[in-house]
Each structure stands twice: as C-alpha cells, then as structure tokens.
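Please read them with the structure open.

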Amino acid sequence: MSSQPPVRHIVSLSGGKDSTALAIYLRDRIPDLEYVFCDTGEELPETYAYLDKLEVFLGKEIKKLKAKQSFEDMLRARGGFLPSAQVRWCTEHLKIKPFEEEIGDSICHNYIGIRADELHRKGYISTKPNIIPHYPFIDDGIKKEDVVRILEESGLGLPEYYEWRSRSGCYFCFFQQRIEWVGLLKNHEGLFNRAEQFEKEDPQTGERYTWSQRESLSELRLPDRQQAIIEEHLRRAKSQQVRGNQTLAEVFSASESGNESCLICHL
Ligand code: SF4
C-alpha cells in the first residue's frame, strides 16, 4: 500500500510588509504553520534584521531556503547577462526552484499575502499541482491599512528600508525606481558598489549590461545626476499629493514607473 504524501501549510515570506502581516495574522489560525524565506544571498541587511524580529515574535523558525548556486555563479554562467523584467532568471532560480525543491511531492497549502485592495496583482502560482495557493487577505477583506495595523499591534512595525525604498527584494532589483537607487547609495554604499560591479560593457559589440535600461549606475551616482533624480521625485510627489490627496509614502511606492514588481519577491 503506498503512503500518502505529507500535507504542509506554508507562508512564503519576502521580508516585506504584506507577507509578514500574513504570517502574524495566520499564526494562531492554522495549526502547524511553517514559514519559509527564499534567500537570494543578495538581500538588504534590514530584511534579515526584520526576519529575525519576526522569528522571535512567531516563536518559530523561519526556514531560509537557498539555491545551490549563488547569484554571482549564475551570472557568470550567463556571460554577465543581468536579469531584467523581461528575462527574470533570478526569480526562477533563486526563489521558485528552492521553494519547489523544498516542497517536493508533499501537498502544500501555500499562503500568499496579496491584499483585498490589490486584486489586480497576481502572486506566484506554481505549475506544480501539489502546491495549492491561498489568499487569506483577499478572502477576509484585509486592506493596506489593516496590514499596517497588524504590524503596529505586533510591535514589529514596518521594515526599516521603507524609509527610502518601497518594496522588499534584492538590493539590486531592477524593478526599483531611480530614487531608490539613490537611497541605496546613501544607505548602503557598499551594496551600491557591488551592484555597479555587476554592470558590464561588451568591448566587442559595445552592448551594455546595466540594471536600469536608461543609465548605468556609474552615471546615476554622479552628484548632479543624483540631485536631478531627487528633484524630479519631489516634483512628482508634490503633484501627486495635490491631485490625489495621497500620503508621501503612497506617492513613493507608486511614482516613476508605475507599481510594477515581482510578487514572489515583493509581498
Ligand atoms: S528581488 Fe528582483 S532581482 Fe531579486 S530575485 Fe526578485 S526580481 Fe530578481
């Protein structure tokens, strides 16, 4: 007689506010709940610190899953071809694969932190039939203000990087806005330098591999360029506030290139 595969209940954490609030929200609602974080090895120090605090709050281990190869090894194997919104090999190899390997053949109920006020967004939907997605915030009508309240009541608050960046994920994520690159340079110059080192120009073809299609990080870091980016950001923020009566934090997360992002990495 063949034995049944185990059934697991897992919240996948990104280090962002929504998945963190979901972990807190479900802690006492689902028995034997597990927590995992797919660690790209290229996360912000604030993310690791926030996960440590969450672990203490939950009273349970957050399992860190890592790909067998590092980001740098993968990049080398691709001839320095950086991931981008169009060719997002990083998400597949650093986030999805380690998670699917962890699950194996078990039946996994996977809880995803998409909120009721962002129904247009789509989370990670596995092609594996044994991974069953659930959206408790959508089912229970939990919106952004509820998420903030859950985090405040828990004592965790928002991750510290929200002061200069709108979402979780790798420090070099190509989804970030130029103002967030400026924020990275001001808050973590060493990580900015490391991201810059990954940018290359093919001496034969002249083709540039840069994180942002508009400019390289060596161009962006020039003082005049930084100042122009800050001024443009403030101008947009002001006009959006006037138009939509939004808070600065809301403007920050929605400005520049829309609110496109990777929902495996940024919940
Ligand atoms: S956070 Fe950005 S760079 Fe990192 S794996 Fe996700 S999409 Fe790729």
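1. Overall make-up. This is a predicted model. The chain has 267 residues, of which 51% count as buried. Its secondary structure comes to eleven helices and seven strands. Among contacts in the chain with a separation of 6 or more, 67% are between residues 24 or more positions apart.

2. The sheet. Five strands make up an open sheet with parallel pairing, and their order is β3-β2-β1-β4-β5. The edges are taken by β3 (62-65) and β5 (131-134); each has a single partner strand, so one side of each is left without a neighbour in the sheet. From one strand to the next the twist averages 35°.

3. Strands β1 and β4. Which strand do five bridges join to β1 (residues 7-13)? The partner is β4 (residues 107-111), and the two run parallel. Within this pair, Arg 8 stands opposite Cys 108 in β4. Helix α1 (residues 17-26) packs on the sheet, where it touches β1, β2 (33-38) and β4. The direction of α1 makes about 140° with that of β1.

4. The largest nonpolar core. In soluble globular proteins, nonpolar side chains tend to be buried together. Here the largest nonpolar core has 31 residues, and the members that touch the most others are Phe 71, Phe 172, Trp 181, Phe 198 and Trp 211. At least two residues of this core come from each of α3 (71-77), α4 (89-103), α7 (178-187), α8 (189-198) and α9 (217-220). Helix α7 supplies the largest share, five residues.

5. Cysteines. How many disulfides does the model contain? The count comes to zero. Two cysteines to look at are Cys 38 and Cys 90: Cys 38 counts as buried at 7% relative accessibility, and Cys 90 counts as buried at 12%. Both are buried because their values are under 20%.

6. Thr 40. This residue sits in the loop between β2 and α2 (45-58). Is Thr 40 buried or exposed? Its relative accessible area is 8%, so Thr 40 is buried. A polar atom of the Thr 40 side chain lies 3.1 Å from the backbone nitrogen of Glu 42. Beyond its neighbours within four places in sequence, Thr 40 is in contact with Leu 94, Lys 95 and Cys 170.

7. Leu 156. The loop between α6 (144-154) and α7 holds Leu 156. With 8% relative accessibility, Leu 156 counts as buried. Once neighbours within four places in sequence are set aside, its contacts are Thr 20, Tyr 50, Lys 53, Leu 54, Phe 57 and Leu 151. Leu 156 and Ala 21 are 135 residues apart along the chain, and their C-alpha atoms are separated by 9.5 Å.

Technical notes: Residues are numbered from 1 along each chain as its sequence is written. This is a predicted model: local features need pLDDT of at least 70, side-chain atom pairs count only at pLDDT 80 or more; totals for chains, interfaces and linings use all residues. Side-chain values use heavy atoms; hydrogens and water are left out. Two strands pair if DSSP finds at least two bridges between them. Helices (H or I, at least four residues) and strands (E, at least two) are DSSP runs, numbered from the N terminus. Axes are lines fitted to C-alpha atoms, for helices over the stretch in contact, and angles run from 0 to 180 degrees between N-to-C directions. Contact means heavy atoms within 4.5 Å. A nonpolar core is a set of buried Ala, Val, Leu, Ile, Met, Phe, Trp, Tyr and Cys residues joined through side-chain atoms within 4.5 Å. Buried means under 20% relative accessible area, exposed over 50%, partly exposed in between (1.4 Å probe, protein chains only). A disulfide is a pair of cysteine sulfur atoms within 2.5 Å. A polar contact is a pair of N or O atoms within 3.5 Å; within protein, one must be able to donate a hydrogen and the other to accept it, and residues adjacent in sequence count only if both atoms are side-chain atoms.
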